[in-house]
Amino acid sequence: MFLAAVGLFFALPQLAMARFAFQNVPVVHLDLSTLGTGWSVARLGEALAEPGLWEAARTSAVLATLAVLLNLVLLLPLAVLAEVRAPWLRPVLTGVTLLPWVVPPIALVVGVAATFRPLAPWFLSSPLSLVPFYALWAMPFTYRALDAGLRAVGARTLVEAARSLGASWPTTFRRVVAPATSASVVAACGLTAALVLGEFAFASLLLKDTLPTYLVVYQRSAPQAGMALALAVMVLTALALGGVVHLLRRRGLGVTTSGI
Amino acid sequence: MTTLVPPSTGPATAGPVEGLPSSAGSGRAAAAGRSGRARTRRRPDPVALATVPFLAFVAVFLLWPTVAVVAGAVTDEAGVLDATTLVRAVSGPYRSVFTNSLVLAGSTAVVGGVLGLALALAVRGLRRPAWLRPAVDAWCSVASQLGGVPLAFAFVALLGTQGVLTKALAALGLDLMGSGFSLSSLTGLAVVYLYFQVPLMFLVAAPAVAGLRESWSEAATLMGAGRLRYWWSVAAPVLAPSTLGGMLLLFVNAFSAYATAYVLDSSGQLVPLQIRFVLQGNVITGEQDLGYALVTWTLVVLLAGLALMAALQRRAARWARA
């Protein structure tokens, strides 16, 4: 009974959204009697035909890719070292990667405007300036996923074995560490993608056209098509996250998407 | 899994004795430093090589802007310590903004926390539809991250003035709008926030709930305790730290949420929205400092919440290890 109520609460918004988006009926007449009439995906096609959408989507995709890469470059060596050589690094990393929880986007954007704008205006004028900040917010997820992946395979033993068998560091990295962390890396990619698809405060206040800010603007001019697009983005985000969860479960990694 | 780790370095021993990990850690660090120095003079220590860029990155893009804002909030134009803007940011019209945010975050944390815990407890005993538990698990992982612009649109479609549910209820004779409900009110926002708060609480509470051993309940029964006594004396104390910690996490999460509130609440009577107003209108001199002060108070609230949460989680971890 309770479960049914909860399920209803979680399903209804999307169903309502689907009606708004895909039923070719004036909004005023969207009641029970018109439940079966006028379904069409024409609105989604309309939204997808906008060139502005693809530009925003491309920006978001580039941001997500670069944020993932930056994160991996910074965190993968550290996660490996913390597991293999320097366990004292682990609490430090856990603590530092929690910092993005303390400083949410809406707070950091004020500081960024105050510090970077007078010193390096060229930096903030590029949409790529969002990359380091998105990498920052993806850190809690990325680090925990990497750490769980390394622990699950016993990376410490594996690396020591490889080293004592005479493998060089690059070989060890390529043949031992990389395969062991591949699931975590893919999971981190999915989480970062979901995060970039959803982050609104920073992009909006720095006047960048990413997918979420485009959604808000577009929905104002085309309410129905905007709904359709928002639903599509939501499904896409859910799929990315669902893939992550599935992957983590299959590998038996005990990390959640909550990032703590 | 942790039993395979040698006790001298593993995290298993790091908890119970507070003084131990630091001494063990520095011992290892010294050992690593010695071997590093003995082996290579030209090659730098790989730990330093990896740590320095990471810390520099965090310092430049996170700490520097944050410290600049806090410094701007506690000093006046001349750079002298001055708390007037800090006081102004929580008085007059801004006091009600903080009250609104605290009430919204607090109520969704408590309600979401209770519902999330109830969901975790309800799913715990279920075996029969084998797909149900993994499905709830996966869906909660997804939904806890689904906040933002699309979610706000979804609730407009459901509960807005022309929403599907609004009209369905009107057909049944229930006038939702007439009763004063609106998505831009605190109640409306709270309903929307619960959509991601309940799943987040489930994620936090599920491990603690799974840690309730069957044998504890059996032992309690053998010693003559009733169901109520078992829940009150055994289960509740075990669940309490992670439940409270989870609620604090929800509080922090709701307090800093921005996108959902931005779409639904045009009047901007919440702290994150007010920060935006001040930031965009910062041509007026002095207003910029007000924005800094608002951010500083936000950081204080979030930091307090997270510090408390960390302390509670350390308590909760004790039971998970036992």
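The dialogue below takes up the terms one by one.

Tutor: This is a predicted model, in which local features need pLDDT of at least 70, side-chain atom pairs count only at pLDDT 80 or more, and totals for chains, interfaces and linings use all residues. Residues are numbered from 1 along each chain as its sequence is written, and chains are lettered from A and ligands numbered from 1 in the order in which they are written.

Student: What makes up the secondary structure of chain A and of chain B?

Tutor: Helices (H or I, at least four residues) and strands (E, at least two) are DSSP runs, numbered from the N terminus. By that rule chain A has 13 helices and zero strands, and chain B likewise has 13 helices and zero strands.

Student: How many residues count as buried in each chain, as a percentage?

Tutor: In chain A, 50% of the 260 residues count as buried; in chain B, buried residues make up 39% of 322.

Student: Which residues does B:Asp289 touch, leaving aside those up to four places away in sequence?

Tutor: Two residues are in contact if their C-beta atoms, placed from the backbone, lie within 7 Å. On that basis B:Asp289 touches B:Gly72, B:Ala73 and B:Thr85. B:Leu169, by contrast, is 120 residues from B:Asp289 in sequence and 47 Å from it in space, C-alpha to C-alpha.

Student: What share of the contacts joins residues at least 24 apart in sequence?

Tutor: Among contacts with a separation of 6 or more, residues 24 or more positions apart account for 75% in chain A. The corresponding figure for chain B is 72%.

Student: Why are helix 4 of chain B and helix 10 of chain B given their orientation label?

Tutor: Two packed helices are described by the angle between their axes and the distance between the axes. Axes are lines fitted to C-alpha atoms, for helices over the stretch in contact, and angles run from 0 to 180 degrees between N-to-C directions. The axes of helix 4 (residues 93-124) and helix 10 (residues 227-255) of chain B come within 8 Å and cross at roughly 140°. Angles under 35 degrees count as roughly parallel, over 145 as roughly antiparallel, 65 to 115 as roughly perpendicular and the rest as oblique. Helix 4 of chain B and helix 10 of chain B are therefore oblique to each other.

Student: What is the composition of the contact of helix 4 of chain B with helix 10 of chain B, by class?

Tutor: Ala, Val, Leu, Ile, Met, Phe, Trp, Tyr, Cys and Pro count as nonpolar, Asp, Glu, Lys and Arg as charged, and the others, Gly among them, as polar. The residues of the contact of helix 4 with helix 10 of chain B divide into 10 nonpolar, eight polar and no charged. Among them are B:Gly112, B:Gly113 and B:Gly116 in helix 4, and B:Met247 and B:Phe251 in helix 10.

Student: Why is helix 3 of chain A said to be oblique to helix 10 of chain A?

Tutor: The axes of helix 3 (residues 51-84) and helix 10 (residues 169-198) of chain A come within 9 Å and cross at roughly 140°. That makes helix 3 of chain A oblique to helix 10 of chain A. The contact includes A:Leu63 and A:Val68 of helix 3 and A:Val185 and A:Ala188 of helix 10. By class, this contact has 14 nonpolar, four polar and no charged residues.

Student: How many residues form the contact between chain B and chain A, and what is their class on the side of chain B?

Tutor: The contact takes 71 residues from chain B and 69 residues from chain A. The largest share of the side of chain B, 16 residues, comes from helix 2 (residues 46-74) of chain B. That side has 54 nonpolar, 14 polar and three charged residues.

Technical notes. A residue is buried if 20 or more other C-beta atoms lie within 10 Å of its own, exposed if 12 or fewer, and partly exposed in between; C-beta atoms are placed from the backbone.
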